[in-house]
Amino acid sequence: MYAVFKRELFSFLSSMVAYITIGIFLLVSGLLLWFFPDTSILDYGYAELDGFFSLVPYLFMFLIPAITMRSFAEERREGTYELLITRPIQIWQIIVAKYLASLVLVLFALIPTLIYYYSISKLGFPEGNIDSGSVIGSYIGLFLLGAAFTSIGVFSSALTKNQVIAFVISAALCAFAFLGFDYSSQLAAFQSIGNIISNLGINQHYISISRGVLDTRDLIYFITFSVLFLFVTKLIMGGKR
């Protein structure tokens, strides 16, 4: 399992796709956070990163599918998938190894954004006037959100050997999981169970953690969500095997 994880991670890091994808993510988030007048912290005038944490989930809808689209799609396209599954390793170990390798790349993309926290802390008046607890909670929420989106991306990559199709499916599922339940709960037909429907979506739990309060129910939700998609991926890969 470690061998598959290391192979997958180094395969990402040896290609320009990972660097270009992460570079675009950092560039867009930096422009939105510091330069664009509608979202700039400098124009907002308050030492907080709420705007950043509300924008990143939408960037994740494209970043993470771009990272995960090659997980199984490329293996099947190049014919190495057959070689991989004949090795003495179980399918779920292959899936988890690829999932963790993709999740590490998402973590690599988040680490450089800590400079935003440092910059805002220095720019605050007085210096250090920033709600660190809320920032820590928001970063934990972003990581859990990334974990959920990564499970969707691995699942989508297992459906097809075309990376572009895998990217589109993953982006659409991520968008629906994050926004679809909130919009559905506002429909007149579902008003009586609107709260139940909205709680099924990711957004409500992400907002809850972003307040700086780690609720066990939110942690269980994200873990269950990721495990569910990985389990369905195992069923798909097992059937194709």
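Q: What makes us say that α4 bends at Leu 59?
A: In this predicted model, the angle between axes fitted to the seven residues ending there and the seven starting there comes to about 40° at Leu 59.

Q: Which residues have the most contacts inside the largest nonpolar core?
A: Those are Leu 49, Phe 52, Phe 60, Leu 142, Phe 149 and Ile 202, in a core of 47 residues. There's also a second, separate core of 16 residues, with Leu 84, Ile 89, Ile 94 and Ile 95 among them.

Q: What does Phe 60 touch, leaving out residues up to four places away in sequence?
A: Quite a list: Phe 25, Pro 65, Val 106, Leu 110, Leu 142, Leu 145, Gly 146 and Phe 149. To count as touching, heavy atoms must be within 4.5 Å.

Q: Why is Thr 113 called buried?
A: The cut-off for buried is under 20% relative accessible area. Thr 113 has 0% relative accessibility, so Thr 113 counts as buried. You'll find Thr 113 in the loop between α7 (91-110) and α8 (114-123).

Q: What makes the pairing of the Thr 113 and Tyr 139 side chains a polar contact?
A: A pair of N or O atoms has to be within 3.5 Å, with one able to donate a hydrogen and the other to accept it. These two side chains make such a contact at 3.0 Å. The Thr 113 side chain also reaches the backbone oxygen of Leu 110, at 2.4 Å. Not counting residues up to four places away in sequence, Thr 113 touches Phe 25, Leu 26, Phe 52 and Tyr 139.

Q: Why is Gln 204 called partly exposed?
A: Partly exposed sits between the buried cut-off, under 20%, and the exposed one, over 50%. Gln 204 comes out at 32% relative accessibility, so Gln 204 counts as partly exposed. Gln 204 lies in helix α12 (residues 202-210) and touches Asp 182, Ser 198 and Asn 199, again leaving out residues up to four places away in sequence.

Q: How much of residues 138-157 is helix?
A: That span is 100% helix and 0% strand, with end C-alpha atoms 28 Å apart. Residues 12-35 are 88% helix and 0% strand, with end C-alpha atoms 30 Å apart.

How values were computed
Residues numbered from 1 in each chain as written. Predicted model: local features only at pLDDT ≥ 70, side-chain atom pairs only at ≥ 80, totals over all residues. Heavy atoms only, no water. Helix = DSSP H or I, 4+ residues; strand = E, 2+ residues; numbered from the N terminus. Core = buried A, V, L, I, M, F, W, Y, C linked by side-chain atoms within 4.5 Å. Buried < 20%, exposed > 50% of the residue type's maximum accessible area, 1.4 Å probe, protein only.
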